[in-house]
Every structure is written in structure tokens, then in C-alpha cells.
Amino acid sequence: LLLLTVIYLIVMCLARKKIRLAATLVKESTIIVKERASSLLFPFVIIAAQIPIVLYFFFVLILLGTADLQLSYFISGADGIVSASSSYADAMKAVNVSSLANGGLPPDDPWWVPSAIYLYFLFCVLWALESVKNIGWTALSGNVSDWYFFRRDEKMRTRFPLFSSLYRVLRYHLGSIFFGSFVIAIIQLVRIVMQIIDQQTQKLQDGNKLLKLAMKGVQCCMWCFEKTVKFISNYCYIYVAMQGSGFCKSCFATFSLIISHPAQLALNTMVRNILTLIQLLGIPSLCGWLCHRVLVGALKPEPLYPSALVFLMAFIIMQAFALVMSCALDTLFVCCVRDKAEYKGAFMSDRLYAAFGFDKSDRKERRATRRAERERLAAEAPAPAE
């Protein structure tokens with residue numbers, strides 16, 4: 001433990017500039033959230049858009065559970081006269097014809113037909129949920145990048161920047177979002193299938209430790225793979241919102257960002273996770289504890305249930321705030337990296353300008369030079385005609 005402590009202190013000393021930059025990014029992110037306060041309500045819009053999809057999933061799941069899922073219903077030209085427009089009587093007639101052809105017994109459909117239908121429907125729901133979530137993330141990223149590059153430009157500023165960003169996403173970037181969501185939905189579906197296989201093979205795993213170890217290892221790898229793809233996709237959608245590029249081009253830009261700033265990205269991610277953990281556990285717990293103390297002091301009966309409800313409400317609100325804060329932090333770092341590479345930090349605030357290693361005196365001299373040039377041009381300009 002002493003050796004690990006010494007190594008930790010050495011790493012913190014070597015990374016003091018990166019820690020300073022991460023702290024500056026957090027401070028600037030709070031300014032973004034303050035000036036774009038409407039962003040705090042946007043996660044609830046995303047949840048409201050996902051709720052009908054979840055309700056539709058359970059409704060159709062009930063219908064599928066009571067349906068007669070046969071392969072002949074889905075194959076054009078199969079025995080029987082059932083089609084998409086057939087009535088219930090036509091379906092029963094086809095069943096009777098098939099039963100007579102099989103000697104009075106019901107036809108033996110492949111066992112995988114119901115499973116394939118369930119998996120197909122589950123994949124569509126996962127794809128839809130992931131698409132809605134990524135649309136919201138991209139819109140929030142566009143809102144932050146709009147603030148970063150156009151906060152000083154009165155001509156480019158809009159009254160409703162978040163809705164303008166959402167409009168751009170819905171008009172220009174749905175293809176990129178659907179493609180990335182498609183990849184994530186496939187990974188999630190594979191994870192669900194692996195969990196089902198794990199549950200169905202418990203007896204075999206109890207008799208074969210190697211099989212059990214392999215099953216757990218595959219699930220762990222799939223979990224890590226999903227987290228990695230989501231991490232890359234989040235930064236990819238930031239580039240989509242900031243530059244308007246396609247999904248594949250944004251992925252290449254994300255890989256370039258990871259290769260050029262691996263330590264800073266890791267530190268930013270660690271700081272973001274710590275802040276999220278504090279927000280999701282500390283503040284709701286404090287709210288629930290205060291509610292419980294107030295109710296106990298007022299001698300109210302059953303104070304536990306209201307306190308639990310307050311904790312749940314505070315958790316939901318802080319989760320929305322944590323999402324906005326995480327998006328602001330990641331998008332701000334990407335904007336700063338692009339600003340540094342292409343514009344020499346022209347759009348950075350003074351605090352970010354110093355944190356990225358630029359000299360403030362040079363910036364002041366350039367500003368004074370540009371101001372003097374503008375005054376000279378204004379003085380030399382001809383007077384307007386009377």
C-alpha cells in the first residue's frame with residue numbers, strides 16, 4: 001500500500017497540468033449549463049419519447065404471447081391461403097387444411113420460429129430506444145458547440161439554440177444516428193441472448209467448470225465491448241453535431257482524438273464519473289435524509305415512504321443533470337481540441353486559454369492589435385454622404 005501511494009503521488013504530480021485542465025473544463029461546463037439552463041429539461045423530453053416505445057413493447061409482447069406463430073404465415077406461396085390481409089376465418093381454414101394434410105395432427109413448425117420473431121421484435125425496440133437516446137445526446141452536443149463557437153457572435157446566436165440543434169439533427173443527421181444505434185442494438189441483443197443461454201445451461205455449467213468460466217468470460221467481454229462502442233459513439237455524435245460529418249468520418253476523428261489525448265481523455269472520464277457518482281448518490285441521499293428528519297420532527301406517521309419518494313425524485317432529477325453535465329464536459333473538450341488545432345484557441349475563454357498552455361500576454365497583444373486595426377479602418381473610412 002505504501003508503494004501504491006508513492007506511485008499515485010508521483011502520477012498526480014506528473015499529471016498536474018492535465019488535472020488543472022480537467023478542473024477548468026468542469027468550471028466552464030457549469031457556465032454552459034447556467035447560460036443554457038433549458039438543457040436541464042431536455043433529458044425529460046428524451047424519457048417522454050422513450051415511454052411510448054416501452055409501452056408499445058409490452059403491448060405487442062402480450063399480443064405475441066397469445067398469437068399462433070407459424071412459419072406458413074410468414075412465407076409467401078406456402079400451403080394455405082393466409083396472408084397479411086387474411087381474416088381470422090381464413091387463418092383457421094388454413095390450420096384445418098394443414099392438419100388434414102398431416103393426418104389430423106397440427107403441423108410441426110420449426111421450434112425457432114417463435115424465438116426468431118421475439119428476437120426480431122426485441123431488436124427493433126432496442127434500436128428505437130437507442131436511437132431516441134442518441135438523438136437527444138447529439139442535440140445536446142450541438143447546443144454546447146453552438147455556445148462555444150457563437151456565444152460572442154450576435155448574428156449567429158438564436159433565441160432557442162437547443163431546438164435549433166434538435167432541428168438540425170432531425171433534418172441532417174438521422175442516418176448517422178440510426179447506423180450507430182443499429183450497431184449498439186446488435187451488441188445489446190447478443191448480450192441478452194448470451195444471458196438467456198447462461199440461464200438455460202445452468203445444469204451443464206454446474207457439471208463443467210470450464211464451460212461456466214467460458215460463459216462468464218464471454219459475457220464480460222460483451223459488456224466491455226458494449227461500453228467501448230458507446231464511449232466511441234458518444235464522441236462520434238459530438239463530431240456529428242459540431243462538424244456535420246457522417247458517422248464513419250466522425251469515428252475516424254474520434255480515434256484521432258483518443259490517440260492524440262489518451263491521458264487527458266482518461267482523466268476527464270474519471271472526473272466525470274466521480275462527479276456523476278456524487279450527484280446520483282450524495283444529493284438524493286441528503287434530500288431523503290432531510291425529508292425523514294423533518295417528518296420525524298413533525299411526528300408524522302410512516303415517514304419512510306415519503307422519504308423514499310423524495311429520494312427517487314431527487315435521483316431522477318440528478319440523473320438528468322448528470323447527463324447534461326457529462327455532455328457539456330465531453331463536447332467542450334472536443335470543441336477546445338478543434339479550436340486549438342484549427343483556430344489557435346481563438347474561441348477559448350481566458351481560463352481555458354491558459355489551461356491549454358497558451359500565453360495570455362500574446363492573446364492580449366493580438367486583441368490590442370486587432371482593436372487598433374479596427375479603429376484605424378474606421379477613422380480612414382469616408383464619411384457618409386449627406
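Colleague: Why is Cys287 called partly exposed?

Modeller: In this predicted model, the relative accessible area of Cys287 is 29%. Buried means under 20% and exposed over 50%, with partly exposed in between, so Cys287 is partly exposed at 29%.

Colleague: How do you know that the sulfur of Cys287 is too far from the closest cysteine sulfur for a bond?

Modeller: The closest cysteine sulfur belongs to Cys291, and the separation is 9.2 Å. A disulfide needs the two sulfur atoms within 2.5 Å, so the sulfur of Cys287 is too far away for a bond.

Colleague: How many disulfides does the rule give?

Modeller: The count is zero. Cys248, for one, is in no disulfide, its nearest cysteine sulfur being that of Cys251 at 6.3 Å.

Colleague: What makes Glu226 and Arg191 a salt bridge?

Modeller: The N to O distance between their side chains is 2.6 Å. The cut-off is 4 Å, so the pair qualifies at 2.6 Å. Glu226 lies in helix 9 (residues 209-243) and Arg191 in helix 7 (residues 174-200), so the bridge ties together parts 35 residues apart in sequence. Arg191 and Glu226 are also linked with Lys230 in a network of salt bridges.

Colleague: Why does Glu226 count as buried, and what is Arg191 called?

Modeller: Glu226 has a relative accessibility of 8%, and the limit for buried is under 20%, so Glu226 is buried. Arg191, with a relative accessible area of 22%, is partly exposed.

Colleague: How many salt bridges are there by this rule?

Modeller: There are eight salt bridges. One of them joins Asp198 to Lys216, with the closest N and O atoms 3.1 Å apart. That pair links distant parts of the chain, as Asp198 is in helix 7 and Lys216 in helix 9, 18 residues apart.

Colleague: Are Asp198 and Lys216 buried, or partly exposed?

Modeller: Asp198 counts as buried, because its relative accessibility is 6%. Lys216 has a relative accessible area of 41% and is therefore partly exposed.

Colleague: What makes Arg272 and Asp330 a salt bridge?

Modeller: Their side chains meet at 2.5 Å, N to O, and the cut-off is 4 Å. Arg272 is in helix 11 (residues 262-297) and Asp330 in helix 12, so the pair links parts 58 residues apart. Arg272 and Asp330 are both buried.

Colleague: How do you know that the span of helix 3 agrees with its number of residues?

Modeller: Helix 3 (residues 42-65) has 24 residues and, at 1.5 Å a residue, should span 34 Å. The C-alpha atoms at its ends are 35 Å apart, so the two values agree.

Colleague: Which residues of helix 3 are buried, and what covers them?

Modeller: The buried residues are Phe42, Pro43, Ile46, Gln50, Ile53, Phe57, Val60 and Leu64. Their cover includes helix 5, helix 6 (161-172) and helix 12 (304-343).

Colleague: Which members of the largest nonpolar core touch the most others?

Modeller: Among its 62 residues, these are Leu25, Tyr148, Leu257, Cys336 and Leu352. Helix 5 (residues 112-150) supplies the largest share of this core, 16 residues. Beyond four places in sequence, the contacts of Leu352 are Thr24, Leu25, Glu28, Tyr148, Leu332 and Cys336.

Notes: Residues numbered from 1 in each chain as written. Predicted model: local features only at pLDDT ≥ 70, side-chain atom pairs only at ≥ 80, totals over all residues. Heavy atoms only, no water. Core = buried A, V, L, I, M, F, W, Y, C linked by side-chain atoms within 4.5 Å. Buried < 20%, exposed > 50% of the residue type's maximum accessible area, 1.4 Å probe, protein only. Helix = DSSP H or I, 4+ residues; strand = E, 2+ residues; numbered from the N terminus. Contact = heavy atoms within 4.5 Å. Expected span 1.5 Å × (residues − 1).
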